[in-house]
Amino acid sequence: MSDDRLQEGIYFRSGQRPPPYYRLLLLDYLPHTQVEQAHAALEQIFAMLGDLRTGTVRDLAGQDEEQIAKAVGELGETDSMFAFGARLFDHTLHDPPLLSAPRPKYLVSLTHDGDPLPAVAWSSERDRWGGEADVAIQLTGPSDAAVNRAAIEVWKLLADEKLPLAIVSSFAGFSRRDGRGWLDFHDGVSNIESSERLLAIRATADPTWMAGGTYMAFLRYAVDLSAWRALTRAQQE
């Protein structure tokens, strides 16, 4: 993989901006999945998502050119990115083990003891799901319909082809056109030059199979907007 061939869905080049909508799918392999099955399942999902960009929808085979063009108009700019979770490397959770490659030392599971953000009141959702999964699929696109259609197509493919994966959680989001978040401050402002971004996000080749890859972190925060708006501007800043 060359230095400039990170996966689609990683937006770091000069002039690039992420699409305004995303859907994140977190999936676990089913018990007793074989290595060959695990590999083939990801290949099928990746191929299907690629087909969607060309207007090829599995359940709508035989559409005329006008309908295909409409599908391309909605789905053609939808990107998909795959990521491996620390759980995938845990041999105690998979029989047989799914990977022989070593786990990158920075890829670790979150723990429940000693929260890194003790002041945050975690929702009850965290109690039933620890935030870890074998595989993540990030879908980004120009509309809510585009990323949700792609997510549903993944779900249908898992069911129809009886692939050994289960969706354990899903999250969605969007960006505002004015570039601000719900706190009314600019969100995601970058002060790093575009020429420096690749060096900042590219993973080192430790272990060697990570060469040319990168890391993904997904963080969710609950914000009390009433409390926030009661602060003065100086306190907010």
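Reply: Leu49, Leu52, Arg53, Leu75, Thr78, Ser80, Leu139 and Ala150 line the largest cavity. A cavity here is a set of points on a 1 Å grid over the protein atoms alone, where a 1.4 Å probe fits but cannot get out, and lining residues have an atom within 4 Å of a point. Rolling a probe the size of a water molecule over the atoms shows where empty space is left. Keep in mind that this is a predicted model, so local features need pLDDT of at least 70 and side-chain atom pairs count only at pLDDT 80 or more, while totals for chains, interfaces and linings use all residues. Residues are numbered from 1 along each chain as its sequence is written, and side-chain values use heavy atoms, with hydrogens and water left out.

How much space are we talking about? The largest cavity holds about 50 Å³, where volume is the space filled by probe spheres set on the points, and grid points are joined across faces, edges and corners. Searching the whole structure turns up one cavity of 30 Å³ or more. Helix α1 (residues 35-53) gives the largest share of the lining, with three residues. Helices (H or I, at least four residues) and strands (E, at least two) are DSSP runs, numbered from the N terminus.

Now follow one of the lining residues, Arg53. Its side chain meets that of Asp79 in a salt bridge, at 2.6 Å from N to O. This pair links distant parts of the chain, with Arg53 in helix α1 and Asp79 in strand β2, 26 residues apart. Buried means under 20% relative accessible area, exposed means over 50%, and partly exposed is in between, using a 1.4 Å probe and protein chains only.

Asp79 stands opposite Thr140 in β3. Strand β2 (residues 79-84) has five of its six residues buried, and six bridges join β2 to β3 in an antiparallel run.

Strand β1 (residues 21-29) and strand β3 (residues 135-141) pair antiparallel over seven bridges, with Leu24 facing Gln138 of β3 as its bridge partner. On to strand β4 (residues 165-174): it pairs with β1, again in the antiparallel sense, over nine bridges. There, Leu27 has Ile167 in β4 as its bridge partner. β1 is mostly covered, with seven of its nine residues buried.

In one, Glu74 and Arg149 meet at 2.7 Å, N to O. Here too the pair links distant parts: Glu74 is in helix α2 and Arg149 in helix α4, 75 residues apart. Glu74 is partly exposed at 27% relative accessible area, and Arg149 is partly exposed at 28%. Salt bridges that share partners also join Asp28, Arg87 and Asp134 into one network.

Another salt bridge pairs Arg58 with Asp160, their closest N and O atoms being 3.4 Å apart. Arg58 lies in the loop between α1 and α2 (65-75) and Asp160 in helix α4 (residues 144-160), so this pair ties together parts that are 102 residues apart in sequence. Both ends count as partly exposed, Arg58 at 30% relative accessibility and Asp160 at 42%.

To place all this in the whole chain: it has seven helices and four strands, running β-α-α-β-α-β-α-β-α-α-α from the N terminus on. Of its 237 residues, 31% are buried.

Technical notes:
Pairing = 2+ DSSP bridges. 1 Å grid on protein atoms, 1.4 Å probe; cavity = no way out; pocket = protein on both sides within 12 Å on 5 of 7 lines; lining within 4 Å. Salt bridge = Lys/Arg side-chain N within 4 Å of Asp/Glu carboxyl O.
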